[in-house]
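Q: I'm new to this one, can you walk me through it? Here it is.

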Amino acid sequence: MFYGRMQQQHERLLAQYGQGTVEVGRVETVPGEDEFTPPTTTTVYETVNGVVQGVSPEFADGSAILVSDLQVQIGKPAGAAPVPGDLVRLDGSDVHSIMAVEPIPAAGDPVGYDLRIRRG
C-alpha cells in the first residue's frame, strides 16, 4: 500500500519535472526458425519518465564511473528492471550504456531507478 502511493508520487514528480524523452532499451535475440537460420537481434525500447543530469562527483571514481557520465532518475519500467549493459536513448538519438543501477529506495519494492550512463 505504502509503496503503491510512493510509486505514484514518484511518477507524478518525474512527469512534472522530466526532461525530454528517456527510453530504456534491452537487446533481445530471437532464435532462427531452424538450425540453419541465424538468430535475429533487435533492441526494444520502452519510454519512461526521467530526469537527466551530470553525474554527482561523489559517484565518480575515475574508472567505473567518470565525471563525463550522466545520471538519470527514472520511474519503474513496465518491463524488466534495467541492468548494467542495457541501453538508454535520450531524445530519440543519443544512445548510452547503463554502467550502474541503484533501486529507489535501496530496500523493498523499487518505485524507480537511479542510473549512471555513458555515451557509446
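Q: Okay, which residue in S5 is the bridge partner of Glu23?
A: That's Arg89. Strands here are DSSP runs of E with at least two residues, helices are runs of H or I with at least four, and both are numbered from the N terminus. Before we go on, this is a predicted model, where local features need pLDDT of at least 70 and side-chain atom pairs count only at pLDDT 80 or more, while totals for chains, interfaces and linings use all residues. Residues are numbered from 1 along each chain as its sequence is written, and side-chain values use heavy atoms, with hydrogens and water left out.

Q: And how many bridges are there between S1 and S5?
A: Four, linking S1 (residues 22–30) and S5 (residues 87–90) in the antiparallel sense. Two strands pair if DSSP finds at least two bridges between them.

Q: What's the strand order in the sheet?
A: S2-S1-S5-S6-S7-S4-S3, seven strands in an open sheet with antiparallel pairing. S2 (40–48) and S3 (50–54) are at the edges with a single partner strand each, so one side of each has no neighbour in the sheet. On average, neighbouring strands are turned by 35° against each other, direction ignored; the axes are lines fitted to C-alpha atoms, for helices over the stretch in contact, and angles run from 0 to 180 degrees between N-to-C directions.

Q: Which strands does H1 lie across?
A: H1 (residues 2–17) lies across S3, S4 (70–75), S6 (94–104) and S7 (112–119), and runs at about 125° to S4.

Q: How many of S7's residues are buried?
A: Six of its eight, so S7 is mostly covered. Buried means under 20% relative accessible area, exposed is over 50%, and partly exposed is in between (1.4 Å probe, protein chains only).

Q: What joins S7 to S6 and to S4?
A: Eight bridges join S6 to S7, and six join S4 to S7. Both pairs run antiparallel. Ile104 stands opposite Gly112 in S7, and Gln71 has Arg116 in S7 as its bridge partner.

Q: Switching to Asp114, is that buried or exposed?
A: Buried, with a relative accessible area of 10%. Asp114 lies in S7, and a polar contact of 3.1 Å joins its side chain to that of Gln71. A polar contact is a pair of N or O atoms within 3.5 Å; within protein, one must be able to donate a hydrogen and the other to accept it, and residues adjacent in sequence count only if both atoms are side-chain atoms.

Q: What about His96, buried or exposed?
A: His96, in S6, counts as buried because its relative accessibility is 5%. Not counting residues up to four places away in sequence, His96 touches several residues, including Leu70, Asp86 and Ile117, where contact means heavy atoms within 4.5 Å.
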